[in-house]
Amino acid sequence: MKVPMVICLTDLPDDAYVCDVGGMGAPTVSAEKLDSFECSAAVQGLSEVLPRPVTALLCAEVGGGNALEPLAVGLERGLPVVDADLMGRAFPELQMTTASIAGVPLTPAAMSDDKGNTLVLTCTASPPWAERVMRAACTEMGCSVGLASTPMTGKTAKQVVVPGSLSLAWHLGMSVMTSHASKSDPVTDILELYKGTGKLLYSGKVTDVVRHTEEGFVRGFVRVSSRGQQGLAANGAASSSTIVVASAAGASPAVARTDAAAQEKDGDLVVEFQNENLMAKNASKQVLACVPDSICILESSTGLAVATEEIRYGLWVSVVVLPAHPLLRTPAALQVVGPSAFGYPADEVSYVPVGDFPMIRTVHDMMYSTV
């Protein structure tokens with residue numbers, strides 16, 4: 001059986017030629033389509049205008065299905081995938097990558113749809129122009145396309161990408177699976193993986209979701225309420241600092257440790273999103289977290305992530321914030337991926353890092369290192 005080949009960033013030759021590959025468009029649309037040949041066709045379209053063959057692939061973002069697309073395309077085309085990505089999370093717009101922020105051109109770039117169309121963009125005036133042009137084309141092509149872009153050498157990639165992204169995703173998955181086996185609290189286990197640099201913002205029930213698709217994005221907000229949660233405590237065991245939420249049938253209750261009294265005082269939590277979660281605020285409009293840190297909505301009983309296109313009324317969730325990679329925290333980066341880049345006024349929303357990005361051992365080192 002063939003399996004994808006994943007290589008460490010340090011093992012990528014300087015003279016390698018890499019590009020990123022993944023899906024572009026509205027998640028509400030792509031979730032309803034069968035994943036097909038679009039991403040591989042985009043790589044083929046890009047390859048036809050490049051000066052030399054692509055020798056390795058990158059994740060544009062290590063969030064959702066785009067963390068897996070390069071593995072599928074690499075397997076099909078016989079190309080390795082680098083254990084790295086261009087965001088350390090997911091962002092909704094093309095110019096919001098560490099490579100683009102560092103000055104690496106997005107173009108040439110190619111996008112392909114499920115109808116057999118492939119569009120190649122050879123040059124644009126700026127990264128935001130690449131986003132504008134390709135977003136318009138994506139919308140016309142059905143709001144869901146495969147995209148290959150940002151060709152660069154291995155030497156350049158080592159300077160501008162976020163290393164170890166696939167390994168971090170692997171560690172997160174293993175943490176959740178281990179918590180299921182041991183019947184421990186998966187949310188607590190995830191935060192322990194971040195060694196104190198992540199934070200649980202809120203636990204409660206989804207009481208409102210407003211979501212619409214426009215201009216190739218899913219936009220809206222989700223409201224989470226903690227009212228009445230104490231009544232769910234098993235045998236009345238919940239205290240003011242422990243909220244017990246319903247777990248899977250036959251499993252022990254999952255315990256999300258938050259200050260219930262404080263949640264009642266601060267009111268509901270609202271998370272605003274544009275494909276990805278952008279900002280979390282309480283009823284007093286106090287901003288609790290914002291981009292570029294990752295605001296993740298997890299199903300409280302399982303620890304599984306709930307995407308913006310999947311969130312629905314009645315889910316019991318835990319909202320956590322996880323730290324952004326240092327490449328996303330520079331002044332130049334914050335102009336592109338900070339709150340002001342999404343239209344939030346600088347005098348109302350300012351970025352305060354939740355903590356330091358964790359240094360986690362890569363899967364390759366765990367399996368093959370003799371140290």
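Tutor: Let's start with a term: a salt bridge is a side-chain nitrogen of Lys or Arg within 4 Å of a carboxyl oxygen of Asp or Glu. This is a predicted model, where local features need pLDDT of at least 70, side-chain atom pairs count only at pLDDT 80 or more, and totals for chains, interfaces and linings use all residues. Residues are numbered from 1 along each chain as its sequence is written, and side-chain values use heavy atoms, with hydrogens and water left out.

Student: What makes aspartate 114 and lysine 115 a salt bridge?

Tutor: Their N to O distance is 3.1 Å, and the limit is 4 Å, so the pair qualifies.

Student: Which residues form salt bridges with arginine 219?

Tutor: Glutamate 214 does, at 3.2 Å from N to O, and glutamate 215 does too, with the closest N and O atoms 3.5 Å apart. Glutamate 215 is exposed because its relative accessible area is 54%.

Student: How many salt bridges does this rule give?

Tutor: The count is eight.

Student: How do you know that glutamate 38 has no salt bridge?

Tutor: The nearest side chain of opposite charge, lysine 33, is 5.9 Å away from this buried glutamate, and the rule asks for 4 Å, so no salt bridge is counted. For charge, Lys and Arg count as positive and Asp and Glu as negative, while His and the chain ends are not counted.

Notes:
Buried means under 20% relative accessible area, exposed over 50%, partly exposed in between (1.4 Å probe, protein chains only).
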